[in-house]
Amino acid sequence: METLRTSSYLIPVKLESEPGKYMLIHGYTGAIDIVTESLLKKIQAVASGVDLPEDTLQTLIKRGYITTRSQEEEYAYVLV
């Protein structure tokens, strides 16, 4: 599998009305999701080999939160 990392365009917003939950916003895919704090930490640590269920991983990749692109490749993709 290719090297995975957290997207540079991931914007986590802590929800004041729901303790332990975050709204994830992705800057160029437009994805918006509500996740637990523990899942956010796993997303942020994906480059260090954190284990995620395959279906969860594929969903996070599809929505853009996790990517195989380098930071430079992501920037170039957005600027096109």
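Biologist: Where is Tyr9 found?

Modeller: Tyr9 is in the loop between S1 and S2. Keep in mind that this is a predicted model.

Biologist: And what is Tyr9 in contact with, leaving aside neighbours within four places in sequence?

Modeller: Tyr9 meets Ile25, His26, Gly27 and Tyr28. Glu74, Tyr75 and Val78 are also in contact with Tyr9.

Biologist: How many residues apart in sequence are Tyr9 and Ile25?

Modeller: They are 16 residues apart. In space, their C-alpha atoms are 8.2 Å apart.

Biologist: Where does Ser7 sit?

Modeller: Ser7 is in the loop between strand S1 (5-6) and strand S2 (10-14).

Biologist: Does Ser7 count as buried, or as exposed?

Modeller: Buried. Its relative accessibility is 5%, and the cut-off for buried is under 20%, so Ser7 qualifies.

Biologist: What does Ser7 touch, not counting residues up to four places away?

Modeller: Ser7 touches His26, then Gly64, Tyr65, Ile66 and Thr67, and also Glu74.

Biologist: Switching to the core. How many residues has the largest nonpolar core?

Modeller: It has 14 residues. Those with the most contacts inside it are Leu10, Leu24, Leu40, Ile43, Leu60, Tyr65 and Ile66.

Biologist: Which elements give two or more residues to this core?

Modeller: Strand S3 (21-26), helix H1 (37-44) and helix H2 (54-63).

Biologist: Take Leu60. What does it touch, again not counting residues up to four places away?

Modeller: Leu60 touches Leu39, Ile43 and Leu52, plus Tyr65 and Ile66.

Biologist: Now the whole chain. How many helices and strands are there?

Modeller: The protein chain has 3 helices and 5 strands. From the N terminus on, the order is β-β-β-β-α-α-β-α.

Biologist: Why would you say its radius of gyration agrees with a compact globule?

Modeller: Because a compact globule of 80 residues would have a radius near 12 Å, and the protein chain has 13 Å. Along its principal axes, the C-alpha trace spans about 35 × 25 × 20 Å.

Biologist: What share of the 80 residues counts as buried?

Modeller: 28%. The accessible surface comes to about 5,200 Å², and 53% of that belongs to carbon and sulfur atoms.

Biologist: Of contacts between residues at least 6 apart in sequence, what share joins residues at least 24 apart?

Modeller: 50% in the protein chain.

Biologist: Last one. How many positive and negative side chains?

Modeller: The protein chain has 8 positive and 11 negative ones. The centres of the two sets lie 4 Å apart.

Technical notes:
Residues numbered from 1 in each chain as written. Predicted model: local features only at pLDDT ≥ 70, side-chain atom pairs only at ≥ 80, totals over all residues. Heavy atoms only, no water. Helix = DSSP H or I, 4+ residues; strand = E, 2+ residues; numbered from the N terminus. Rg over C-alpha atoms; globule rule 2.2 N^0.38 Å. Buried < 20%, exposed > 50% of the residue type's maximum accessible area, 1.4 Å probe, protein only. Contact = heavy atoms within 4.5 Å. Areas by Shrake-Rupley, 256 points an atom, 1.4 Å probe, with all protein chains shown as cover. Lys, Arg positive; Asp, Glu negative; His and termini not counted. Charge placed at Lys NZ, Arg CZ, Asp CG, Glu CD. Core = buried A, V, L, I, M, F, W, Y, C linked by side-chain atoms within 4.5 Å.
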